[in-house]
Amino acid sequence: MNPLTEIFYLDTDSKAHNPIGSNIFFNLPKGARSLCQECRTPITWNANWDNVELEIIGDTTHYYPDYISGNYSIISQRLLDDLVNAEASGFKAHAVGIIGVESKKLRSQQAPKYFIMEIFGGIDLDREKWDKFDGNLCSICKTWRPRKGGTVSWGDKQKVPLMNSWDGSDFMKFKNVKIGGDLCSRKILKLAQVKKWSGFGVRAILPG
Ligand SMILES: [Zn+2]
């Protein structure tokens with residue numbers, strides 16, 4: 001299987017003219033965030049998914065989309081229902097409370113019920129193409145850093161999913177190296193085209 005035609009990054013719909021984004025507040029319990037024992041990176045070990053608050057940003061936006069991208073994917077009730085009906089896998093949806101809406105036009109409308117996606121499906125990054133195993137990878141939290149004097153650095157590496165490591169989930173993250181971004185399968189791309197989710201887009205993973 002060609003990873004380029006099977007796995008995609010979730011993104012904002014590139015045809016949407018009025019940008020919309022989100023600030024997300026996890027309201028973490030005490031002790032949920034601490035330094036990784038091995039590499040000292042601050043890590044959230046226990047996200048409080050059931051107490052998340054959402055602020056919707058973008059002051060020119062005039063409708064509530066089905067999908068809001070950002071560090072975390074936010075989906076509407078309609079989009080969630082479509083995913084459940086299609087038996088999409090690799091995620092859990094948690095209802096979020098809306099604590100602020102920047103756009104005046106939006107504030108006069110009824111907001112849909114929104115959910116944050118906790119994504120636990122996984123696929124590995126092909127480290128042969130990423131860094132030829134040259135960088136330093138934390139064995140606990142999977143944070144990657146360039147090796148001092150090494151042959152690769154930030155921003156010069158190819159992100160290619162290793163297809164035989166895919167757990168088959170429709171929503172996933174890279175598992176062996178901790179890099180941001182939510183991924184989806186071709187099944188989700190096709191569903192989005194049929195259901196015409198507003199705000200929803202995908203982009204190819206390459207070039208890295
Ligand atoms: Zn670590």
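Residues are numbered from 1 along each chain as its sequence is written. Because the model is predicted, local features need pLDDT of at least 70 and side-chain atom pairs count only at pLDDT 80 or more, while totals for chains, interfaces and linings use all residues.

**View 1. Buried residues.** Of the 208 residues, 26% count as buried, meaning that 20 or more other C-beta atoms, placed from the backbone, lie within 10 Å of the residue's own.

**View 2. An open sheet of 4 strands.** The strand order is E6-E7-E10-E8, with antiparallel pairing (a pair needs at least two DSSP bridges). Strands E6 (67-68) and E8 (91-95) stand at the edges with a single partner strand each, so one side of each has no neighbour in the sheet.

**View 3. Strands E6 and E7.** Here E6 pairs with E7 (residues 74-76) in the antiparallel sense over 2 bridges. Look for Ile-68, whose bridge partner in E7 is Ile-74.

**View 4. A helix across the sheet.** Helix H2 (residues 77-85) lies across E6, E7, E8 and E10 (114-119), and runs at about 85° to E7. Such angles run from 0 to 180 degrees between N-to-C directions, using axes fitted to C-alpha atoms, for helices over the stretch in contact (contact means C-beta atoms, placed from the backbone, within 7 Å).

Conventions:
Buried ≥ 20, exposed ≤ 12 C-beta atoms within 10 Å, placed from the backbone. Contact = placed C-beta atoms within 7 Å.
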